[in-house]
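Keep the picture in view as you read.

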Amino acid sequence: GGAIEIRADNGSITINDRLWSYSSAASKGGSGNAGNGGEIRLTARNDITMLATSLGIQAQSNSNSGNASNGGKVTITSFEGNIKINGNRGLFSYSNGYTSGNGGSVTLRTPQGDIKVDGIRSSANQNAGAITLISGGTIDTSAGIINATGGSNGGALTLSAPGNIATGEITSFSSGFNGNSGNITIISGSGDIDTSAGALITSAAKGNGGNIILDAAGSITVD
C-alpha cells in the first residue's frame with residue numbers, strides 16, 4: 001500500500017469515510033504474497049476527528065494463505081487541537097497471512113489538546129507495534145479497546161498526559177512459544193487514572209508478561 005499524508009497547517013482534519021493503505025495478495029483466494037501496508041500520517045494545527053460513521057483508519061498487509069509483509073505506521077499529530085477517533089472501527093495497523101511481518105506503530109500526539117479514542121489495534125504473526133498516546137490535556141479510551149498482540153512479541157502501550165486518564169481494556173499479548181508481551185505504562189502528571197472500564201492485561205503463552213505501571217499525582221482507580 002502507498003503512503004497517505006494529509007496536512008492542514010492552519011486548519012482541522014475530519015475523516016468521514018475509510019482511510020486505508022492496504023496491500024493484499026492479488027491471486028485468486030488471496031493466496032499470493034502481499035507487500036507492506038503504507039504509512040498513514042495526519043497533521044493539523046487544530047482538531048483531528050474521525051467520525052463514528054467512518055470505516056476506520058487502517059494500514060495493513062493481508063494474505064489469506066500466502067505471505068504478508070509489515071503493517072504500516074500510523075501517526076496523528078495535532079499541534080493545538082484535540083484528537084477524537086470515534087466509533088468501533090478505530091485505528092488499525094496489522095499484518096495477517098500464513099506467515100507475516102510486524103504490526104506498525106501507532107502514535108497520537110497533541111501537546112495542547114485532549115485525546116479521545118474508541119479503539120486502536122496493532123497486531124501481527126510476528127511482533128506487534130508500539131501504541132503511544134501523548135496528550136497535553138486528558139486521555140479517554142474508556143469506550144473501546146487498545147490491543148497490541150503479536151505471535152512473537154506483544155507491543156508496548158504508553159499513555160501520558162498531565163490531566164485525567166480514563167481507559168477501557170488495554171492488552172499486550174504474545175501468542176507465540178517464546179515471546180514476551182509488552183509493558184503497559186500510564187502516567188498522569190497532575191490528575192487521576194481510572195481503569196475501571198476495562199482490564200489491563202499483559203500476558204504471554206510461554207514467555208514473560210510485561211509490567212503494568214500506573215503513576216498519577218491524584219487518585220488511581222482499578223477494577
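Two strands count as paired if DSSP finds at least two bridges between them. With that in mind, strand 10 and strand 13 pair in the parallel sense, over 5 bridges. What you are looking at is a predicted model.

**The chain as a whole**

The chain contains 21 strands and 0 helices. Of its 223 residues, 51% are buried. The chain exposes about 9,300 Å², and carbon and sulfur atoms supply 44% of that area. Among contacts with a separation of 6 or more, 74% are between residues 24 or more positions apart.

| Strands | Sense | Bridges |
|---|---|---|
| Strand 4 and strand 7 | parallel | 5 bridges |
| Strand 7 and strand 10 | parallel | 4 bridges |
| Strand 10 and strand 13 | parallel | 5 bridges |
| Strand 13 and strand 15 | parallel | 4 bridges |

Leu 42 has Ile 76 in strand 7 as its bridge partner. From Thr 132, the next bridge partner is Thr 158 in strand 15.

Which residues does Thr 107 touch, leaving out those up to four places away in sequence? They are Val 74, Thr 75, Ile 76 and Thr 132. Thr 107 sits in strand 10, which covers residues 106–110. Thr 107 counts as buried because its relative accessibility is 17%, and the cut-off for buried is under 20%.

**Covered strands**

In a regular strand the side chains alternate between the two faces of the sheet. Now look at strand 7, residues 74–78, where 5 of the 5 residues are buried. Strand 13, residues 131–135, is largely enclosed by the rest of the structure, because 4 of its 5 residues are buried.

**The nonpolar core**

In soluble globular proteins, nonpolar side chains tend to be buried together. The largest nonpolar core here has 38 residues. Ile 57, Ile 76, Leu 108, Ile 120 and Leu 133 have the most contacts inside this core. Ile 120 touches several residues beyond four places in sequence, including Leu 91, Leu 108, Leu 133 and Ile 145.

Is Gln 58 buried or exposed? Gln 58 is buried, because its relative accessible area is 8%, below the 20% limit. Gln 58 belongs to strand 6, residues 57–62. Arg 18 is 40 residues from Gln 58 in sequence, and their C-alpha atoms are 8.1 Å apart. Arg 18 also lies over the face of Trp 20, at 4.5 Å from the ring centre. As for aromatic pairs, the count is 0.

Finally, find Gly 163 in the loop between strand 15 and strand 16. With 18% relative accessibility, Gly 163 counts as buried. Beyond its neighbours within four places in sequence, Gly 163 is in contact with Gly 137, Thr 138, Ser 188, Gly 191 and Asp 192. Gly 163 and Ala 216 are 53 residues apart in sequence, with 9.3 Å between their C-alpha atoms.

Note on methods:
Residues numbered from 1 in each chain as written. Predicted model: local features only at pLDDT ≥ 70, side-chain atom pairs only at ≥ 80, totals over all residues. Heavy atoms only, no water. Helix = DSSP H or I, 4+ residues; strand = E, 2+ residues; numbered from the N terminus. Buried < 20%, exposed > 50% of the residue type's maximum accessible area, 1.4 Å probe, protein only. Contact = heavy atoms within 4.5 Å. Phe/Tyr/Trp six-rings, centres within 6.5 Å; stacked < 30°, edge-to-face > 60°. Lys NZ or Arg CZ within 6 Å of the ring centre and 35° of its normal. Core = buried A, V, L, I, M, F, W, Y, C linked by side-chain atoms within 4.5 Å. Areas by Shrake-Rupley, 256 points an atom, 1.4 Å probe, with all protein chains shown as cover.
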